Amino acid sequence: MGVIHGEEMVLNIGPQHPSTHGVLRLKVKTDGEIISEITPVIGYLHRCFEKHCENMTYDQVIPYTDRCDYLAAMANNFGYVVAVEELMELKVPEKVEYIRVIMAEFQRIASHLLALGVYGLDIGAFTPFLFMLRDRERILDMFEMTCGARLLYNYMWIGGVSHDLPKGFVETAFQFLDYFEPQIEEYNELLTYNKIFIERTADIGVLPPDVAISYGVSGPNLRASGVKWDLRRNAPYSIYNKFEFDVCIGEGGKGTLGDCWDRYYVRMLEVKESVKILRQALAQIPKEGDVHQALPKKIRPPKGSIYSRTETPRGDLGFYIVSDGSPIPTRVKMRSPAFTALSVLGELAGGWMMSDVISILGSLDIVLGEIDR
Amino acid sequence: MTVDTLFSWLGSLIPAMEGSGTLLVIAILIPCLVLFLVVAVNAIIMVYAERKVAAFMQDRVGPMGQGVGLHAGKWGVLQTVADALKLLSKEDIIPEKADKFLFILAPFVIFIGAFVAIIAVPFGETVIVADFNIGIFYILGVGSLGVIGLILAGWSSNNKWSLYGGMRSAAQIVSYEIPAGLSIIVVIMLTSTLSMQGIIEYQSGGMGNWIIFANPFTFIAFFIFFISILAETNRTPFDIPEAESELVGGFHTEYSGMRWSFFFLSEYANMLVVSAVAATGFLGGWHSPFPGYFDSNGWSVFWMLSKIVFLIFIMMWFRWTFPRLRVDQLMNICWKVLLPISLINIFGVGFWTLIFG
């Protein structure tokens, strides 16, 4: 059967479009429904994060990191404070490490829930989105209980956290986990194994492992291509080496390895692993202890530079910090996992149909705040 | 038939004007007005129902009127009225580069397509505007008028998203009319009439006589028909012409205010019509499911409406459960699955009637 070629048309998806997950513009060359070329245009949310950082003290940077990946603000805080502490060679109390891991894992669940739900929405299923947001809400409630904020926390400070866990937090957290674990099965029944959902996602936008590695894709997107790489396991930071958990990888369950369904399902599996980590951390957390380290008012890390990486819900988040010994960093560079994920879109989406582009973009789970910074 | 009865009744009321053209116009206008009210009220109720059904399926409460002052009534029953008022008072925007005439025409074409189909829908032995001898054929015919409006809307908006929506809907609706029509042929083969009342008469005498249960092939035909009408009314999982997350709004991207609400109105009117056809063709129309019980004239409207509402509820249920198909998958289902099955169905029903009938 021959393929009919028509005139090509340039179509702008975004920056105002329901499925670009922020202010992203995709310049798309299409022949009818079929996409031949796709170019992401970014920068609509550029807020000079890195330049700002060169004009403020180390602890003043933390609220800015919140606003980069606003769907996983805790994880961004975590990445930054770990980098600064590494630069200062500062050891934080064990209790703080536990609190940080608990928060980061709750954040991972919250972020993945949003990613999965919005992905369902991209495919056209509205109800799973609201189910997942309903459960994400309970996590946000717990964050609010701890630090008063629901989206941008400024919770992790250099050498500690802003508040101790409130009374009854551990019980609330266990209650949530008991409620939440069976919910995962419900999501699976409603969306993951839905015939139409599988039709729309399996074999679509296949990302082979070698391409993923050469583009520097990380996090769930990389693991979905079958590469077992998780910084929590491969380069443990904080106290992640104390916990038992599996690194979930895509297996091509419904189609080819590294397709959209795999990327979706790896996130679902990771949510389960996060629950596992949380159960251990909540059971082991020391009851007593201070959550602040005695630090000078102005933090002056020694002269030098550091590149430190952590595993956020979106992947490998790197902070490169150069210090000249003054209270103000000379340079803060952020390596964003969502940026590399977006850069692979052109490779993935060519030749697919209009609807598939939305599906592929959704499966990469990008956050524009982090890409534009 | 209502228009004729109304005409002669009006004639007996005003003997001086008996048989005049004026009376005929009045006799036609009265049922039109009633039908317009039916369509409007249907839309108001359906929008409210859709919101509530969606809300309950999503573990929410939906629109609720709470607080003092202007609010949407108890349980939010006035929500749709508020919506309608909002839409009426909105600024009417026509894009500068749009084809103005077609842009204004399109919503009306769609609405007329849905509206004129209702006149052949029977709600009871006498509750029907016009019982054509080709009733079901007529409904299928005028039902496909709507697609012209969709293409017009998509084309005249001068917007790439609208064009996508218009093109998708043209492909989709025209394709799905074929399996829908072939499933109706199964009904016509059994009843050997095209008249809506004739089809219903064939199914009198309780649930056992309904065409859906007549033989295994008609049972399948009902489901093919139901799937096809989902596609024809642009409901999920076949809502690709408006596919919110892909095409923003599809063919109605550029429409706002009252013009937009006409699309909405006709969507719900369409749902009413196609559900009525499904109820008439397969579920015994206005007959009671229990032979001899509640089968009087007064009950007929109740039975017809409850069958329609049940089918519409299923459509809503689908919408809030399923994801959306892709356009080529949609075509595959139509041409490679539904069409062959419905062709086999026609043979099957023929042989079944020959052997067991």
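**A sheet in chain A, then the interface**

Author: Strand β7 (residues 315-323) of chain A pairs with β8(A) in the antiparallel sense, over 5 bridges. Keep in mind that this is a predicted model.

Reader: Which residue stands opposite F319(A)?

Author: That is M334(A), in β8(A).

Reader: And how many bridges join β6(A) to β7(A)?

Author: There are 9 bridges, and the two strands run antiparallel. S305(A), for example, has V322(A) in β7(A) as its bridge partner.

Reader: What do β6(A) and β7(A) form, and how many residues are between them?

Author: They form a hairpin, with 2 residues between them.

Reader: In what order do the strands of the sheet come?

Author: The order is β6-β7-β8 in chain A, an open sheet of 3 strands with antiparallel pairing. β6 (304-312) and β8 (331-335) of chain A are the edge strands, each pairing on one side only. From one strand to the next, the twist averages 15 degrees.

Reader: Which helix packs on the sheet?

Author: Helix α3 (residues 73-88) of chain A does, and it touches β6, β7 and β8 of chain A. The direction of α3 makes about 150 degrees with that of β6(A).

Reader: Fine. Switching to the two chains: how many residues does each give to the contact?

Author: Chain B gives 23 residues and chain A gives 34 residues. Between them the chains bury about 2500 Å², with 59% of it on carbon and sulfur atoms.

Reader: How many salt bridges are there between chain B and chain A?

Author: The count is 2. One of the salt bridges brings together the side chains of D356(A) and R326(B), at 2.9 Å from N to O.

Reader: Which helices of chain B supply at least two residues to the side that touches chain A?

Author: Those are α7 (160-191), α10 (244-247) and α13 (327-356) of chain B. α7(B) gives the most, with 4 residues.

Reader: What is that side of chain B made of, by class?

Author: The side of chain B that touches chain A has 10 nonpolar, 4 polar and 9 charged residues.

Notes: Residues are numbered from 1 along each chain as its sequence is written. Chains are lettered from A and ligands numbered from 1 in the order in which they are written. This is a predicted model: local features need pLDDT of at least 70, side-chain atom pairs count only at pLDDT 80 or more; totals for chains, interfaces and linings use all residues. Side-chain values use heavy atoms; hydrogens and water are left out. Contact means heavy atoms within 4.5 Å. Buried area is the accessible area (1.4 Å probe) that two parts lose on being put together, summed over both. A salt bridge is a side-chain nitrogen of Lys or Arg within 4 Å of a carboxyl oxygen of Asp or Glu. Ala, Val, Leu, Ile, Met, Phe, Trp, Tyr, Cys and Pro count as nonpolar, Asp, Glu, Lys and Arg as charged, and the others, Gly among them, as polar. Two strands pair if DSSP finds at least two bridges between them. Axes are lines fitted to C-alpha atoms, for helices over the stretch in contact, and angles run from 0 to 180 degrees between N-to-C directions.
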